[in-house]
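Hi everyone, thanks for making time. I'd like to walk you through one structure today, so please have the viewer open and follow along.

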Amino acid sequence: MSADPAVSRPADGIVDVAVIGAGAAGVGAARRLAASSLSVLVLEASNRAGGRAHTLAGRSGAGIDLGCGWLHSADQNPWVALAESEGFELDRSRPSWERRLTGVNMSDVQAREFGRAFEVFEAKLEAAAAEPDRPAAELFDEITAPWRPMLDAFSSYYNGALFRDISVHDYAAYQPTDENWRVVQGYGALVAQTAAGLPIVFKAPVTRIDRTGSPLRLATATGEVQARMVIVAVPTTILSEDRLAFDPPLPDHAAAADALPLGHVDKCFLALAERAALPVEMMVTGRTTTADTGSYTLQPFGRPMIEGFFGGDLAEALEAEPPGAFSAFAIDELAALFGSSLRRALRPIAESRWGADPYIRGAYSHARPGQAGARAALRRPVEDRIFFAGEACSAHAFSTCHGAYQTGVEAAETVLAGHAPGGGG
Ligand SMILES: Cc1cc2nc3c(=O)[nH]c(=O)nc-3n(C[C@H](O)[C@H](O)[C@H](O)COP(=O)(O)OP(=O)(O)OC[C@H]3O[C@@H](n4cnc5c(N)ncnc54)[C@H](O)[C@@H]3O)c2cc1C
């Protein structure tokens, strides 16, 4: 392994714990271990910490979050305390999805009917969780079916996939609270800052873990790392596509990762000229008759911009097009909503392409129908020395940044419990 002056190694060259991946889960694990007597080394494939938490610096300290933006379940979210201790500013106002703009492509009455249909559908999902698992789309009925395109659009934002691909049991297992806050400087900036000072080697993708002997031998792009234990904190796609292989293989974990694919979700940001008088902090869906539509937050934080959000089949299709496709799609939908003169007031700033990132390959995990048990299977340790973390391992906060962090901390605590003096490790 090439020397990295910023990262010191134990004298025998064998680290106690190697953490693979410096996303929220890997950062949570590494921070917990860094406070212990065990040596730790984080191996990160890309050139930055944060993974799916990634903020671009905007004007005057305003962050643009290409990945996670909302501190979901904020009243229980460990990033809130971290934000406060790191000097980040929190925005505790009600989320924009509770402030839907009506009168553009939906009347107040239609908006209320849709809200009611969503409640009915979610109540059916919850009740069906006591029955054998099945695709959530099987629960559409005469009340909800007329709203199916919009319900599927929302599924594409929440799950990264349409309800036909979503396990009823898994959907019901997600347990958020009602508090959703934001980090003014950016959620990704917060995650990156909490990683500062950790022993991270960047541009070190791990391709193979040889577990035939002891220590474990990790093949990375820049050489071999030997470790007594490893916490694997990479997205499920990396495991199911065999980009990180085990020797001998771990078929149960590969199957679990395959049962928890990452859906597709992307964002685009458009600058809005001052003269365009659009409402502030309001959300509007591009169209109400198709699932292939964007959701737009007008002037988030009061900033002169529009944040577009795209999920499911639409996000996947736009990712396959040349750069600029999300912005072009958004401008077409917004011009149809607010008049074609708006085109001249909009300028693309940034867009994500999470499915094309070779070390991410999607947005967040959902369980395929019948596969809700895969989360428990994925986080099962192997031989008391290979541990798993990441949003997909979370029992009730999967798909989130705080769920990811908590799984990292939990994996580190499992390591420490087994290897404390007298702990049997
Ligand atoms: C568009 C979008 C919007 C979102 N919005 C929200 C939101 O509002 N709120 C919320 O809570 N969550 C949101 N999320 C989800 C949240 O960002 C993720 O669930 C969370 O960040 C995942 O963290 P993780 O540590 O599990 O994985 P990741 O962040 O994916 O980290 C894994 C790391 O492993 C690295 N890696 C991969 N392969 C290897 C390898 N072979 N060797 C070494 N390193 C490797 C990757 O480069 C990456 O840095 C959003 C995600 C997206 C894409």
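I'll go from the domains to the ligand, then through a sheet, and finish with some backbone details.

Before anything else, please keep in mind that this is a predicted model.

Let's begin with the overall layout. The protein is split into domain 1, made of 14-49, 196-261 and 364-419, and domain 2, which covers 101-173. Taken over C-alpha atoms, the centres of these two domains are 33 Å apart. Where they touch, domain 1 contributes ten residues and domain 2 contributes twelve residues. On the domain 1 side of that contact you'll find five nonpolar residues, four polar ones and one charged.

Now the ligand. Which residues come nearest to the ligand? Out of the 43 residues around it, they are Gly 21, Gly 23, Gly 51, Cys 68 and Thr 400. If you colour the shell by class, you get 24 nonpolar, 13 polar and six charged residues. As for secondary structure, helix 1 (24-34), strand 13 (265-272) and helix 12 (401-419) each give at least two residues to this shell.

Five strands make up an open sheet in the order 14-15-16-13-17, with antiparallel pairing. From one strand to the next, the twist averages 25°.

Helix 4, residues 148-159, touches strands 13, 14, 15 and 16, and its direction makes about 100° with that of strand 16. Helix 10, residues 325-338, touches strands 13, 14, 15, 16 and 17, and its direction is at about 60° to that of strand 13.

Let's go through the pairings, if you'd like to click along. Strand 13 pairs with strand 16 in the antiparallel sense over seven bridges. Within that pairing, Asp 266 has Phe 310 as its bridge partner, and Phe 269 stands opposite Glu 307. Strand 13 also pairs with strand 17, again antiparallel, over five bridges, and there Leu 272 is partnered by Leu 346. Strand 13 is largely enclosed by the rest of the structure, because seven of its eight residues are buried.

On to strand 16 and its pairing with strand 15. Strand 15 (residues 295-298) and strand 16 (residues 305-311) run antiparallel and are joined by four bridges. Ser 295 stands opposite Phe 309, while Tyr 296 stands opposite Gly 308. The hairpin of these two strands has six residues between them, and Gln 299 takes a positive phi near 50° there.

How many residues of strand 16 are buried? Seven of its seven. In a regular strand, side chains alternate between the two faces of the sheet.

Next, a quick stop at Val 230, which sits in strand 11 (residues 223-232). Val 230 has 27 other C-beta atoms within 10 Å; the cut-off for buried is 20 or more, so this residue counts as buried. Leaving aside neighbours within four places in sequence, its contacts are Val 17, Ala 18, Ile 20, Ile 209, Leu 216, Leu 218 and Ile 386.

Finally, the backbone details. There is a cis peptide bond between Ser 214 and Pro 215, with omega about 5°, and Pro 215 lies in the loop between strand 9 and strand 10. Another cis peptide bond joins Asp 247 and Pro 248, with omega about -5°; Pro 248 is in the loop between strand 12 and helix 8.

Then there are two non-glycine residues with positive phi: Glu 383 at about 55° and Ser 399 at about 75°. Are they buried or exposed? Glu 383, in the loop between helix 11 and strand 18, counts as exposed, with 9 C-beta neighbours inside 10 Å. Ser 399, in the loop between strand 18 and helix 12, is buried, with 25 other C-beta atoms within 10 Å.

That's my tour, and I'm happy to take questions.

Methods
Residues numbered from 1 in each chain as written. Predicted model: local features only at pLDDT ≥ 70, side-chain atom pairs only at ≥ 80, totals over all residues. Near = placed C-beta within 6 Å. Nonpolar A, V, L, I, M, F, W, Y, C, P; charged D, E, K, R; others polar. Buried ≥ 20, exposed ≤ 12 C-beta atoms within 10 Å, placed from the backbone. Contact = placed C-beta atoms within 7 Å. Pairing = 2+ DSSP bridges. Axes fitted to C-alpha atoms, helices over the stretch in contact; angles between N-to-C directions. Domains from an automatic or database assignment.
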